[in-house]
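Dear colleague,

I am handing over the structure below for your attention.

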Amino acid sequence: MADDIVVIGGGVIGLTVANEFLRLGAKVRILERNCCGKESSWAGGGILSPLLPWDYPDPVTELTQFSNRLLPGLAETLRQETGIDPEYRACGMLALPDMNNKEGTKFIGARDWCTRNTFPLKEVYPNEAFPRLTLGKFADKLALWLPSVAQVRSPRLLQALKLSVELSGGSIIEHTKVTGWRMDQGRVESVITDQGEYSGTNYIVAAGAWSREVLDKYASKINIYPVRGQMLLFKVETGLLDTVIFQNGFYLIPRQDGYILAGSTVEDSGFNKNITTDARKQLLESAHNFLPELTEETLVGHWAGLRPGSPENIPVINRHPVFDNLYLNSGHHRYGVTMALGSAHLLSNMIMKNPQPFDVAPYKWHL
């Protein structure tokens with residue numbers, strides 16, 4: 001018996017899509033080339049906002065804000081269903097000025113953008129607003145406090161999503177690589193894998209940085225490519241840091257149990273996921289400059305993930321221009337966790353022919 005939905009890719013995008021359709025009563029199968037939730041979704045920090053949101057185009061704003069309105073409800077539902085807490089919390093973000101860029105010290109357009117988008121913002125001096133932090137040369141520089149910025153603990157969100165899919169009757173087949181497609185008269189008949197063929201009514205490619213490779217000759221000009229990001233993880237006393245700190249592309253993300261993430265690099269390295277000593281040195285130095293407690297002695301992890309890069313961080317969420325039951329949900333770049341729930345909602349509306357909450361033309365799959 002064919003499935004209603006076959007999802008290719010078991011990262012946060014694929015798991016969220018599967019979760020969405022299972023809640024709508026569909027029969028869903030996920031095909032994952034390795035293990036679910038172990039690629040870029042797991043590697044990311046889980047900040048639920050573009051890092052400086054006023055620097056992004058409107059399609060990114062609409063999708064992230066829509067998704068963020070839905071995320072607290074999903075996090076609580078997953079916690080109750082699975083017993084796994086994704087640790088959703090509004091911890092806020094302190095954005096420090098770029099001292100090497102004169103315009104960066106002014107946060108051009110921030111106040112207007114925040115006013116238009118009802119996004120709370122306050123100008124603060126860090127040494128007054130956060131007296132416990134040791135921020136060196138930034139302590140008495142005007143910074144922006146964004147109190148509504150939230151986070152989730154990505155690995156735990158992924159664990160909860162996977163278990164929820166299984167509890168809801170979804171089928172997850174791991175270590176299964178797509179090797180081809182069987183097409184007939186403008187439709188997908190089946191997807192061919194190294195473990196056999198799978199058929200469904202609709203097929204959704206959510207394979208992140210590997211989406212072009214999965215689609216092969218049917219990729220139809222999509223511009224999605226791997227972007228390596230490396231992160232460090234520290235373990236310190238709890239309460240040392242309780243808000244995200246961001247400055248000139250670098251951030252610190254505190255967890256509630258004393259772990260602090262430092263990231264992240266943006267590297268054009270193809271599908272090379274190796275960690276490097278240069279990135280380790282760069283991230284460690286930046287982290288230590290903000291918090292002296294972040295040292296080699298407190299460093300407990302270093303890893304890399306491959307983001308699905310896309311022009312301007314705008315994903316493709318749409319039907320294939322030729323095959324009417326083939327869909328793509330990929331290219332979320334740095335914001336897969338942030339956009340996942342909103343993307344799944346848009347995609348389910350397309351397939352179920354329901355009205356959309358806003359214009360989805362910017363996420364079109366072009367010929």
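Ring pairs link W54, F107, W113 and F119 into a cluster. Here the rings of Phe, Tyr and Trp (its six-membered ring) pair if their centres lie within 6.5 Å; planes under 30 degrees apart count as stacked, over 60 as edge-to-face and the rest as tilted.

This is a predicted model, in which local features need pLDDT of at least 70 and side-chain atom pairs count only at pLDDT 80 or more, while totals for chains, interfaces and linings use all residues. Residues are numbered from 1 along each chain as its sequence is written, and side-chain values use heavy atoms, with hydrogens and water left out.

Searching the whole structure gives 12 aromatic pairs. One of them joins W54 and W113 edge-to-face, at 6.5 Å centre to centre and with 65° between the planes. Because W54 lies in the loop between α2 (40-43) and α3 (58-82) and W113 in helix α4 (residues 110-116), this pair ties together parts that are 59 residues apart in sequence. Helices (H or I, at least four residues) and strands (E, at least two) are DSSP runs, numbered from the N terminus. W54 is buried, with a relative accessible area of 10%, and W113 is buried at 5%; buried means under 20% relative accessible area (1.4 Å probe, protein chains only).

Y56 and Y335 also form an edge-to-face pair, at 5.5 Å centre to centre and 80° between the planes. Y56 lies in the loop between α2 and α3 and Y335 in the loop between β19 (326-330) and α9 (336-352), so the pair ties together parts that are 279 residues apart in sequence. Both Y56 and Y335 are buried.

With kind regards

Conventions: Buried < 20%, exposed > 50% of the residue type's maximum accessible area, 1.4 Å probe, protein only.
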